[in-house]
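Hi everyone, thanks for making time for this. Please have a look at the model on the screen, and I'll talk you through it.

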Amino acid sequence: MTDLAIETEGLVKVFGSNRAVDGIDLRVPSGTVYGVLGPNGAGKTTAVKMLATLLRPDGGRASVFGRDVVKDADAVRGRVSLTGQYASVDEDLTGTENLVLLGRLLGHTRPAARERSGQLLTAFGLAEAADRQVKNYSGGMRRRIDIAASILNTPDLLFLDEPTTGLDPRSRNQVWDIVRAVVAQGTTVLLTTQYLDEADQLASRIAVIDHGKVIAEGTKGELKASVGSGSVHVRLRDPEQRPGAERVLGGALNATVQLDADPVALTATVNGHGTDLGAAEQAARALAELARAGIVVDDFALGQPSLDEVFLALTDRKGTTA
Amino acid sequence: MTVTTGKDTRSADTLDFVAPKADELAALLVGHSRPPRPSALSASMTFGWRAMLKIKHVPEQLFDVTAFPIMMVLMYTYLFGGALAGSVSSYIQFLLPGILVMSVVMITMYTGVSVNTDIEKGVFDRFRTLPIWRPAPMVGYLLGDVVRYLIASAVMLTVGMLIGYRPDGGIVGVLLGVALLLVFSFAFSWIWTMFGLLLRSEKSVMGVSMMVIFPLTFLSNVFVDPKTMPGWLQAFVNNSPVTHLATAVRELMAGHWPAADIAWSLGWSAVLVLVFGAVTMRLYNRR
């Protein structure tokens, strides 16, 4: 199959007694952003490192554009690029030096490498910082130089390992814009993230990974449908009324209600089961029923399911205990 | 000294930055066909250039190839000179080539430390995903280190000359001696790249390096003629690569042509590269 950028079968990596990646099957179509979503330690980075030829799999097989990542590692390296979780650039060198270094290593002549690095630094808003050491860059600037380094040769497949972890919201949006622009040019992106909204913003298909296994996979729509379309957060005025509110919400939404640490707060999932009403309408109804029962609600919010809720929902459905 | 603070940088650049639009990026990405891969030599030289840039940005790292060698020359010349050879000026004729060999071989161990600290950083992951000759990053390191060894040699010879060293071999003899020393040190450094990759922390690299380097350099003919040593020690000392190298360098600088010791030094160099180079690359690929 030539239209698959990545294909893995039963991929395994073991560190001592820890099965960091425990049999992952992925099929990533080329030309798209594929999101790999999971908490810290789920095995995302380990999986990416195997695909980028940095780690040898202990079991199973993986291929990138039809080339085996172990037997044909060199061919794979010619087509991929990696932006690691930490900056994959040399902090002691300046922005220009980093890009020229990589340009030379990719086979450009010195003048061509200089020209290319100048263009990229300008495009990424780093022209003024070009002659400063990368260790003096802000977090957002580091990410940008890192991505600039990764697209120096326009890779066919770009690995972005948690590209926005630790960034402020503005820098995060900038990285998202860059990713969209890169994908628009035909590069396939494998994006790992801890944030559901990031996967939501960028990816067309998402795999959810936990404990080294894929626990759900599909388009955004499919995943959301399986998880529930959102969750209702309610804050009461009187903590004494919480048991009553729990009963009313549970009945109205036909869902389990979580009691938050805050004694006046509750969270319930809005799922589409047994009704064709939208999430907002269901929530509005539940709110009306709370009012009818005489429960005073001070604050109310309808949000996307959080990653916690996704995991709860996914692991519940599989019948496993967390 | 100019110091740029993170705060300034942030306000100046991050806030005003607008990500490139898709069509701008298209202009950047399209039409740039990939050039052919660089040759093994070109890739290694590029990594050597990286080592030079690091020296430019962090010049303090030259401390170990400047102050340390000066200290070695002065300390051992004045400590042993009177007792071993009757006078400082006659001892330094014997000692300087030896102490040069000893110091440079000792300095090689910093290679292991820098490999160990560098490999932990993300940039190494990027190097390892590049389609280049695999040993190039390691060879580049060692090429950069050869420059450091050259600096150390120049510093020590200068200090030696100032306190009375007069090589009979003249400039040619001295240059040949230094060249042989650099070849051996390059080869010897592969032991440290191996440890740099093998051991987990900088401290353990240092510890192991000391265990290897002290016996190897002291149990040689650098300070004294092995004839004064007990038989079993002579057997070790006379066959040590450091003894062969020290003799070869000493004789070259004195204007002779010690063919056997040159051959031994080069032979050891070849063995070191073949064995430890191979182990290093195996570890590098395994990581």
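Predicted model: local features only at pLDDT ≥ 70, side-chain atom pairs only at ≥ 80, totals over all residues.

Residues are numbered from 1 along each chain as its sequence is written, and chains are lettered from A and ligands numbered from 1 in the order in which they are written.

Let's begin with chain A as a whole. Its C-alpha atoms fill a box of roughly 75 × 45 × 35 Å along the principal axes. The secondary structure comes to 11 helices and 14 strands; these are DSSP runs, helices being H or I of at least four residues and strands E of at least two, numbered from the N terminus. Of the 322 residues in chain A, 50% are buried. Buried here means 20 or more other C-beta atoms within 10 Å of a residue's own, exposed means 12 or fewer, and partly exposed is in between, with C-beta atoms placed from the backbone.

Chain A is divided into domain 1 (4-225) and domain 2 (229-304), with bounds from an automatic or database domain assignment. The centres of the two domains, taken over C-alpha atoms, are 39 Å apart.

Now the sheets. In which order do the six strands of the open, mixed sheet in chain A run? The order is S6-S7-S8-S3-S9-S10, where two strands pair if DSSP finds at least two bridges between them. Strands S6 (80-83) and S10 (213-219) of chain A stand at the edges with a single partner strand each, so one side of each has no neighbour in the sheet. From one strand to the next, the twist averages 15 degrees.

Inside that sheet, S7 (157-161) and S8 (188-193) of chain A pair in the parallel sense over five bridges, with A:Leu158 standing opposite A:Val189. Two helices of chain A pack on this sheet. H5 (139-150) touches S6 and S7, and its direction makes about 170 degrees with that of S6. H6 (169-184) touches S3 (33-37), S7 and S8, at about 155 degrees to S8. For those angles, axes are lines fitted to C-alpha atoms, for helices over the stretch in contact, and values run from 0 to 180 degrees between N-to-C directions. Contact means that the C-beta atoms of two residues, placed from the backbone, lie within 7 Å.

Chain A also has a four-stranded open sheet, antiparallel, in the order S12-S13-S11-S14. Here the twist averages 20 degrees from one strand to the next. Three bridges join S12 to S13 (265-270) of chain A, and A:Gln258 stands opposite A:Thr267. Helix H9 (242-253) of chain A packs on the sheet, touching S11 (230-236), S12 and S13, and its direction makes about 5 degrees with that of S13. Helix H10 (279-292) of chain A touches S11, S13 and S14, at about 165 degrees to S14.

On to chain B. How many residues of chain B are in contact with chain A? There are 40, and they meet 51 residues of chain A. Helices H1 (6-14), H2 (22-29), H3 (40-57) and H7 (122-128) of chain B each supply at least two residues of the side that touches chain A.

The largest nonpolar core has 141 residues, and A:Leu51, A:Leu190, B:Val101 and B:Val249 have the most contacts inside it. Such a core is a set of buried Ala, Val, Leu, Ile, Met, Phe, Trp, Tyr and Cys residues joined through C-beta atoms within 7 Å. Its largest share, 14 residues, comes from helix H9 (170-198) of chain B. A second, separate core of 16 residues includes A:Val232 and A:Ala286.

Finally, two backbone details. Most residues other than glycine have a negative phi. A:Phe65, however, has a positive phi near 50 degrees, and sits in the loop between S4 (59-64) and S5 (67-68) of chain A. A:Glu162 has a positive phi too, about 45 degrees, in the loop between S7 and H6 of chain A. Is A:Glu162 buried or exposed? With 22 C-beta neighbours inside 10 Å, A:Glu162 counts as buried.
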